[in-house]
Amino acid sequence: MNILVLGIGQSLRGDDAAGLEAVHLWQAKHPNTAARVQVGYSELPGLALLDLFVGMDAAILLDAVQSTKSAGSVIQLGPDDLASFTPEAGSAHGWGVAETLQLGLALNPALAQVRMTLIGIVGKDFSLGAGLSPQVRKAMGKAAAMVEREIQNNLK
Amino acid sequence: MKTIEVPALARVEGEGGLYIGLKDGKVIEIRLDIYEPPRFFEGFLVGRFFQEVPDITARICGICPVAYQMSSVTALEKALDVEVSPQVYALRRLMYCGEYIESHALHIYLLQAPDLLGQPSALDLAVIAPDVVKNALRMKKIGNEVLKAIGGRSVHPVNACVGGWYRWPDVAPLQALLPELEWGLEAAKETVQWSLTLPYPALEIDYEFVAIHHPEEYGIMHGDVSSSKGNKTSVADYEMRYFEEHVQRSNALHGHTAFGGTYLVGPLARLNLNHAQLLPAAQKALKDAKLKLPLKNPYKSLIARAVELVHFYEEAIQLIKTYQPDGPAHLDLKLKAGEGCGMSEAPRGLLYHRYKIDDQGMVKFAKIVPPTAQNLPRIEADLFALAPKLVKMEQEQATLTAEHLVRAYDPCISCATHFLKLKIGEVGHD
């Protein structure tokens with residue numbers, strides 16, 4: 001089974017780096033599992049995100065999200081949840097993950113066969129500068145554990 | 001008071017608003033309010049080593065980083081009194097071909113075409129015409145692959161430096177792109193034919209077109225600044241004829257000619273002024289299109305982009321086939337104090353840079369004039385021409401019509417900040 005684990009976010013935008021950091025932590029804690037899957041980090045995936053799903057049976061995406069939930073909450077979303085995101089293509093620069101996935105599904109229905117999971121980490125501060133807020137930093141362990149659990153579920 | 005407010009304009013780069021002021025049912029004021037925060041690039045270049053400039057300025061825009069690299073290296077080489085080899089120059093043009101391909105394919109199909117086809121976004125276009133969008137993404141990707149093969153990554157490539165390249169890119173990865181480029185060339189020819197079938201709104205403007213012109217090549221890096229009014233200005237004299245001014249409402253400067261007039265830079269200007277220098281396939285595509293030049297309809301800049309796509313695919317193929325790295329990739333530069341200006345044609349239009357450096361190679365002064373700043377007054381003037389129709393329209397239609405016009409310019413407010421809420425208000429009333 002081909003599984004992609006992809007951390008998404010900008011390392012210089014505070015909590016936006018949460019997805020990258022969580023994948024780093026999971027990789028360090030579970031090197032054996034990490035060796036069995038494809039691991040990627042993407043600061044600005046844009047439309048190129050779609051290329052990463054080619055040949056994959058499952059994909060676990062980690063990204064910072066904005067939500068009414070408190071900072072540091074970790075949310076797991078499935079394909080149906082992703083489809084409910086509102087496209088906000090306000091800028092040619094700003095093709096978000098949800099929009100890109102929707103575009104991909106419209107262009108290539110086979111993408112629906114990839115079992116897609118998004119682990120969203122609710123951020124607090126997305127201003128310029130490196131480093132996570134304490135609440136988001138504290139959530140890294142939980143997000144990493146969710147990655148491992150999701151991979152094991154896929155491998156069953 | 002009659003006020004119409006609409007949501008932010010999508011599918012442009014950056015943030016701003018459009019205000020249309022009415023008095024007694026007539027439009028008396030139009031303002032593009034640019035409130036994207038200023039980015040201070042010119043300020044923080046001061047005190048940096050000159051060789052950092054190409055990679056710092058490239059960060060101004062994710063769509064046209066090569067333009068910033070090319071204008072800056074050209075200016076700084078002038079300041080150091082050096083000239084790069086024809087090989088270095090050819091590879092710079094190849095990298096620029098990649099940028100034109102990715103930028104134009106994006107704008108034609110994902111940013112402007114939805115307007116012409118009555119679709120709210122590229123996502124909706126993908127639902128009704130998936131093959132069109134698939135081809136668009138494939139076309140765009142080829143451009144990004146060219147950037148990656150030369151500059152190590154598909155967005156914000158590195159490798160360009162003052163004096164040449166940090167290293168010659170390998171031949172094999174570039175040659176591996178030839179089959180996709182050949183496919184892209186055919187797709188670009190079809191794009192021209194398709195672009196002629198689109199329903200462009202009627203609007204003819206008597207523009208002053210301004211672009212780099214070179215008698216022996218499609219002017220994007222070498223040549224003089226040519227105007228459709230008959231003026232020809234050397235790069236060194238650009239600031240004698242073209243000015244920028246601060247306007248209170250805007251974080252972007254506004255460009256105008258020395259005589260106070262507006263002017264237009266970008267694909268329409270280039271095509272109208274430089275069509276004789278297009279490569280054969282693009283010449284044929286233009287001839288087959290049976291267009292009457294100059295094109296004066298701003299919406300039809302899409303056609304100009306399509307013709308340019310043919311040109312840049314063709315040029316990229318030629319340049320890769322003849323690419324044989326030989327000799328040093330960059331000059332051995334000797335530091336000296338100096339001042340130099342340079343320009344190149346970003347996909348959106350003319351991009352001017354000027355730098356002063358000291359004898360240690362530190363930047364003492366930097367000036368950057370991006371294409372969108374030059375076009376902003378022209379966009380306002382076009383909206384003025386369109387305004388009498390806008391105020392008679394329903395809010396939704398007025399918004400879409402104004403947005404479409406602005407999008408046809410492919411403005412990059414992030415670059416210019418230096419976009420768009422439409423507000424129509426009755427001046428002098430509460």
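Tutor: Helices (H or I, at least four residues) and strands (E, at least two) are DSSP runs, numbered from the N terminus. The model is predicted: local features need pLDDT of at least 70, side-chain atom pairs count only at pLDDT 80 or more, and totals for chains, interfaces and linings use all residues. Residues are numbered from 1 along each chain as its sequence is written, while chains are lettered from A and ligands numbered from 1 in the order in which they are written.

The part to look at is chain B. Begin with the loop that runs between helix H3 (65-79) and H4 of chain B, where B:Asp81 has its place. B:Asp81 is not a glycine, yet its phi is positive, about 60 degrees. Most residues other than glycine have a negative phi, and most peptide bonds are trans.

Two packed helices are described by the angle between their axes and the distance between the axes. Axes are lines fitted to C-alpha atoms, for helices over the stretch in contact, and angles run from 0 to 180 degrees between N-to-C directions. The axes of H3(B) and H4(B) cross at roughly 150 degrees and come within 9 Å. That makes H3(B) roughly antiparallel to H4(B) (under 35 degrees counts as roughly parallel, over 145 as roughly antiparallel, 65 to 115 as roughly perpendicular and the rest as oblique). H3(B) passes H4(B) in a left-handed crossing: the near helix is turned anticlockwise from the far one by less than a right angle, whereas clockwise would be right-handed.

Which residues meet there? On H3(B) they are B:Val66, B:Ala67 and B:Met70, and on H4(B) they are B:Arg92, B:Met95, B:Tyr96 and B:Glu99. Residues are in contact if their C-beta atoms, placed from the backbone, lie within 7 Å. By class, the contact of H3(B) with H4(B) has five nonpolar residues, no polar ones and two charged. Ala, Val, Leu, Ile, Met, Phe, Trp, Tyr, Cys and Pro count as nonpolar, Asp, Glu, Lys and Arg as charged, and the others, Gly among them, as polar.

Helix H4 (residues 86-116) of chain B has another partner, helix H14 (residues 395-408) of chain B; their axes come within 10 Å and cross at roughly 145 degrees. This crossing of H4(B) and H14(B) is left-handed. From H4(B) the contact takes B:Leu111, B:Gln112 and B:Asp115, and from H14(B) it takes B:His404, B:Arg407 and B:Ala408. Those residues of H4(B) and H14(B) divide into two nonpolar, two polar and two charged.

Further along is helix H6 (residues 130-151) of chain B, with 22 residues. H6(B) reaches 31 Å from its first C-alpha to its last, close to the 32 Å expected at 1.5 Å a residue (1.5 Å times one less than the number of residues). Just after H6(B) comes B:Gly152, with a positive phi of about 85 degrees.

The next pair is helix H8 (residues 178-195) and helix H12 (residues 301-321) of chain B, packed at an angle of about 160 degrees with their axes 8 Å apart. That makes H8(B) roughly antiparallel to H12(B), and their crossing is left-handed. Among the residues that meet are B:Leu181, B:Leu185 and B:Ala188 of H8(B), with B:Ala306, B:Val310 and B:Ile317 of H12(B). The contact of H8(B) with H12(B) has 15 nonpolar, three polar and three charged residues. In the loop between helix H11 (280-289) and H12 of chain B lies B:Pro294. A cis peptide bond, with omega about 0 degrees, joins B:Leu293 to B:Pro294.

Chain B also has an open sheet of three strands in the order S6-S7-S8, with antiparallel pairing (strands pair if DSSP finds at least two bridges between them). S6 and S8 of chain B are the edge strands, each pairing on one side only. Strand S6 (residues 210-213) and strand S7 (residues 224-227) of chain B share four bridges. B:Ala211 has B:Ser226 as its bridge partner, and B:His213 stands opposite B:Asp224. Two bridges join S7(B) to strand S8 (residues 232-233) of chain B, with B:Val225 partnered by B:Thr233. The hairpin of S7(B) and S8(B) has four residues between the strands, and in it B:Gly230 takes a positive phi near 100 degrees. Helix H10 (residues 267-274) of chain B lies across S6 and S7 of chain B, running at about 50 degrees to S6(B).

Terms used:
Contact = placed C-beta atoms within 7 Å.
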